[in-house]
Structures are given as structure tokens and as C-alpha cells.
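Hello,

Here is the structure I promised to pass on to you. Have a look at it first, and then read my notes below.

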Amino acid sequence: MRDVPEVRPGTVLGHEAVGEIVEVGTAVRGVRPGDRVLVSCITACGRSRYCREGVYGQCLGGGGWILGHMIDGTHAEYVRVPHADLSVHPLPGAVTDQDAVLLADIFPTAYEVGVLNGCVRPGDTVVVVGAGPIGLAAVATARLFAPERIVAVDLAGARLEAAREFGADAVADARESPEQLVADLTGGLGADVVIEAVGVPETFEMCTRMVRPGGHVANVGVHGKPAALHLEELWIKNITITTGLVDTRSTPTMLRMAASGRLPTARMVTHTFPMERMEEAYEVFAGAADTGALKVVLGGPRRDVVAPEPV
């Protein structure tokens, strides 16, 4: 976890999961053994100042992003989820496991930190830099706000093609002057919203060059190195730059949309592996440029869980 140094060696990774409840603590009221649930990437106590404001990612009560970060995560047969009443979501039968797991992190993050923070509005030009899973989910959820056009930027041809399938109106190779393409499409004005979905200095700085005066840059990518903030150029342009850790407050909405077929979740999963082939799964995802991997899902057969008789 080079870009997240807080993770201690030996920590079980993973913060996205779908599973069945096998046991609950005495304080848990919202789920019981046998329930099929989505495990959110964010844990919320519900009582701290930030939780009361709906900012669950900054929970002060032993929550926030802790799974696979501060405590053992979801890449295991059994997972302990603190504060379960607010941190797991019972799943409707219409939502498959593979669709649901994309709602643990990918879609809420793209929607909240990218689209909502970026203030996408009808008629906007939206540029999404990075067409991995987060970027593709940003393309799909930005379309909910009827922008005039969405432009996707990436290095991999396969991911640019996927961006078209998810709703991008135009695509650009990051090596071939995407800034000029955006300028040409907007009459030299620049994009209303630029969403950074990579997490490297070069892409962040590219985003600040693409945005129009008065526009928004919504940074979603996880950065492990400093990026230059050219205030000598930006200070006069009324630009808003936002960062953020997802709060997952949109997860119930995402679940309803998935159940009604309003989210293109099925297209995102390109590879599935049983848990015992986890190392191979990581290799496939790491080599996405060659394998065409978007989202790789680990999973195995479900175990039978007998729910206790109601008292």
C-alpha cells in the first residue's frame, strides 16, 4: 500500500464485499444471521459530529475508512464489520452479488466525490481523466445530470472504448493533447467540470489546465506524491478544487437505482476468481493494459447459514 502508508504490514486488505451475516453483536438491530448484505467501504458510528452531518468518511467514533486500512478487511472468508447497523445494507433480491459489490465503493465514490463535489449541471462539459472503474462510474453517474458532453481521457485504448460504452461522448488519449480537444469542443472556454480519477501529479495538473474560469476540479484519485498547485495561474480564475473521501451516504440511492436497472454495473466486472486464486486476480488487475481488466471480483460458493428462530 505505497500510497497509503498507514496500512500495517500483515493487514488483510479489502474494503468492498457482499456476504451473509453469520453472527451479530448484542447491540446490532438492523440485520440478523442469514441476511445477504452489502458491506460498505466506510464504517459509521452514527453518533460523532461528522456522522451527524452525514460525513461518515470522517467518523470520529472508530469508523471512517477502516476496513483493510486500520483493521483487517474483506479479502477473507469471514469479516468483522464494526457499527454494523450503519455500515452494512440488506440487499434486495433483484441486485446480484456482482452488481452489489460495485456499490460498496466504486459508484458512491465516483458519484459523491466526483459528480456531486464537481457540481455537474445540465448542459455542462464534463471531462473525466482516468477511465478505470472510478472514472467509468463517474462517466455513468455524470450522465444522470444531463451534461452537454462527457469527455474521457486515458492512456489505454481498451479503457477509452469502455468509456464510450459507459456514456462518454468523446475520448482522448492522454498522450495526444487532450487539452486541445477540450478547448476545441468548448470554443476555447474549457470544461465546466474536470474529474481527476487517477491520482498522479501529472493528471491533477492536467485537470487544472482543462477547467474553465469559474469551473470545478473534483479530485477523486488517491495521491501518493505531491502535485504542483499553480496558484500563480489559478488565483484569478475563480476555480473551485475539491478533494474528498467518500461518505457512502448515497449508497441506499445507488441500491435502488441498481435494483431498477438504472446503473450499468454489469458491464464493469470483467473477471471473476475464487478466493484461492487471489494472487492471480491481483496480477490480472495490475496488468489491466494487457488483460483488459476493469473490475476483478473475488468470490466463492455461499455457505448455508441458519437464522435463529425469532423470539
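Let me start with T248, which counts as buried because its relative accessibility is 7%; buried means under 20% relative accessible area, exposed over 50%, and partly exposed in between (1.4 Å probe, protein chains only). T248 sits in the loop between β9 (240–242) and α10. Its phi is near 60°, a positive value in a residue other than glycine. S177 is another non-glycine residue with a positive phi, about 55°, and its place is in the loop between β6 (170–173) and α7.

Before the rest, a word on how to read this. This is a predicted model, in which local features need pLDDT of at least 70 and side-chain atom pairs count only at pLDDT 80 or more, while totals for chains, interfaces and linings use all residues. Residues are numbered from 1 along each chain as its sequence is written, and side-chain values use heavy atoms, with hydrogens and water left out.

Now the overall picture. The protein chain has 12 helices and 11 strands; these are DSSP runs (helices H or I, at least four residues; strands E, at least two), numbered from the N terminus. With a radius of gyration of 20 Å, close to the 19 Å that the globule rule gives for 311 residues, the chain is as compact as a globular protein of that length. That radius is taken over C-alpha atoms, and the rule is 2.2 Å times the number of residues to the power 0.38. Along the principal axes, the C-alpha atoms fill a box of roughly 65 × 45 × 40 Å.

Of the 311 residues, 49% count as buried.

In α4 (residues 106–116), 10 of the 11 residues are buried, including F107, Y111 and E112. The cover over the buried residues of α4 includes α5 (133–142), β7, β8 (211–219), α10 (251–259) and β11 (295–298). Helix α8 (residues 201–210) is largely enclosed by the rest of the structure, because 8 of its 10 residues are buried. Among them are F204, E205, M206 and C207.

C207 brings me to the cysteines. A search of the whole structure finds 0 disulfides, a disulfide being a pair of cysteine sulfur atoms within 2.5 Å. The sulfur of C207 is 16 Å from the closest cysteine sulfur, in C119, which is too far for a bond, and C207 is buried at 0% relative accessibility. For C41, the closest cysteine sulfur is in C59, 13 Å away and again too far for a bond. C41 is buried too, with a relative accessible area of 2%.

C207 also turns up among the contacts of I195, a residue of strand β7. Leaving out residues up to four places away in sequence, I195 touches G114 and V115, as well as V126, V127, V128, V129, A138, A218 and V220 among others. I195 counts as buried, at 1% relative accessibility. Its C-alpha atom is 9.0 Å from that of G221, 26 residues apart along the chain.

Finally, two more positions. T186 lies in the loop between α7 (178–185) and β7 (191–196); T186 is buried at 15% relative accessible area and touches T125 and R149, not counting residues up to four places away in sequence. A281 belongs to helix α11 (residues 278–286) and is buried at 4%. Beyond its neighbours within four places in sequence, A281 is in contact with F273, V296 and L298. A281 and V200 are 81 residues apart in sequence and 24 Å apart in space, C-alpha to C-alpha.

Definitions and conventions: Contact = heavy atoms within 4.5 Å.
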